[in-house]
Amino acid sequence: MNHQPRILTERRGHILLIGFNRPEKRNAADFALLRQLALAYGELDRDPELRVGLVYAVGEHFTAGLDLADIGPRLGPAGLEMVPEGGINPWQVDGESLSKPVVIAVQGTCLTLGIELMLASDIAVAAESTRFGQIEVARGILPFGGATIRFPRAAGWGNAMRWLLTGELFDTAEAHRLGLVQEVVPDGTQFDRALELAEKIAAQAPLAIQATLANARLAQREGAASAEQELQPTLARLVQTEDSRIGMQSFMTRTPAVFVGR
């Protein structure tokens with residue numbers, strides 16, 4: 001019996017590293033992995049010292065998708081109950097959104113829930129030989145981690161349906177064209193590049209980052225009018241923060257800002 005944690009977590013400054021750790025099964029997600037991932041997202045959301053998440057995978061592959069042998073018997077009348085107390089659904093398809101940004105690094109095989117985790121993240125970096133596939137229709141199920149919602153929004157209707165409805169695999173050039181991936185990098189460098197981006201985000205004013213993310217999410221979820229109504233009140237609130245004063249001082253003195261998250 002393998003008692004290794006399915007998800008590795010490590011704090012690096014203000015960044016929480018969240019690693020898929022089931023390489024012997026190509027990081028296929030069983031129930032334990034899904035629950036541990038949800039708890040890691042909960043920790044990222046709650047801890048004021050943590051400003052950014054970086055999701056990656058140990059081994060050659062990001063994920064082969066769901067471990068259906070383990071998950072199948074757990075599917076009940078309400079679907080799959082996978083978020084324990086204190087967790088957040090990493091795919092954010094149950095009405096609760098993460099308040100902090102996530103950068104994701106993928107490689108090797110990235111199927112189904114892997115693509116959906118990219119779509120639920122904020123910036124995706126892929127190794128150039130990565131292969132992608134939204135193959136649920138070949139298994140008799142539908143993508144239930146947000147691809148039906150976010151893939152058409154990212155790529156356009158026809159582009160999304162081309163891959164959602166055929167279940168065929170596609171490469172990084174296509175993933176980049178579709179807007180699923182923001183950067184394609186040489187194999188083996190995807191984690192380092194994702195960490196660079198996460199560090200850049202972590203160096204900005206955290207309350208401003210969270211407010212920017214929240215307003216963009218509000219626009220997607222409830223439409224432009226809802227987001228517009230929040231712009232000025234949010235600005236007024238941020239101007240009162242210590243970080244806003246630090247940012248202004250940095251601008252006036254031309255010295256780097258060190259933000260405190262207050």
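Visitor: What is the order of the strands in the open sheet of six strands?

Guide: In general, strands of a sheet pair through backbone hydrogen bonds, either parallel or antiparallel. In this predicted model, the six-stranded open sheet has the order 1-2-3-4-6-9, and its pairing is mixed. Strands (E, at least two residues) and helices (H or I, at least four) are DSSP runs numbered from the N terminus, and two strands pair if DSSP finds at least two bridges between them. Strand 1 (7-12) and strand 9 (183-185) stand at the edges with a single partner strand each, so one side of each has no neighbour in the sheet. Neighbouring strands are turned by 20 degrees against each other on average, direction ignored.

Visitor: How many bridges join strand 2 to strand 3?

Guide: Six bridges join strand 2 (residues 15-20) to strand 3 (residues 52-57), and the two run parallel. Leucine 16, for example, stands opposite glycine 53 in strand 3.

Visitor: Which strands does helix 1 lie across?

Guide: Helix 1 (residues 31-46) lies across strand 1, strand 2, strand 3 and strand 4, and runs at about 175 degrees to strand 2. Such angles run from 0 to 180 degrees between N-to-C directions, and axes are lines fitted to C-alpha atoms, for helices over the stretch in contact.

Visitor: In what order do three strands form an open sheet?

Guide: The order is 5-7-8, again with mixed pairing. Strand 5 (109-111) and strand 8 (169-171) are the edges, each with a single partner strand, so one side of each is left without a neighbour in the sheet. The twist averages 25 degrees from one strand to the next. Strand 5 and strand 7 (residues 131-133) run parallel and are joined by three bridges; the bridge partner of threonine 109 is arginine 131 in strand 7. Helix 3 packs on this sheet and touches strand 5, strand 7 and strand 8, its direction making about 80 degrees with that of strand 5. Contact means heavy atoms within 4.5 Å.

Visitor: At what angle do helix 3 and helix 4 pack?

Guide: Two packed helices are described by the angle between their axes and the distance between the axes. Helix 3 (residues 113-120) and helix 4 (residues 147-155) pack at about 60 degrees, with axes 10 Å apart. They are therefore oblique to each other; angles under 35 degrees count as roughly parallel, over 145 as roughly antiparallel, 65 to 115 as roughly perpendicular and the rest as oblique. The contact is made by Glu116, Leu119 and Ala120 of helix 3 and Ala147, Arg150, Phe151 and Ala154 of helix 4.

Visitor: How close do the axes of helix 4 and helix 5 come?

Guide: The axes of helix 4 and helix 5 (residues 157-164) come within 7 Å and cross at roughly 130 degrees. These helices are therefore oblique to each other as well. Residues of the contact include Phe151 and Pro152 of helix 4, and Trp157 and Trp163 of helix 5.

Visitor: Where is confidence lowest and where highest in the protein chain?

Guide: Where pLDDT is low, the predicted coordinates should not be read in detail. pLDDT is the predictor's confidence in each residue, from 0 to 100. Here the chain mean is 96, and 99% of residues reach 70 or more. Confidence is lowest in helix 2 (residues 68-71), at a mean of 91, and highest in strand 4 (residues 102-106), at 99.

Visitor: Which conventions apply?

Guide: Residues are numbered from 1 along each chain as its sequence is written, and side-chain values use heavy atoms, leaving out hydrogens and water. Local features need pLDDT of at least 70 and side-chain atom pairs count only at pLDDT 80 or more, while totals for chains, interfaces and linings use all residues.
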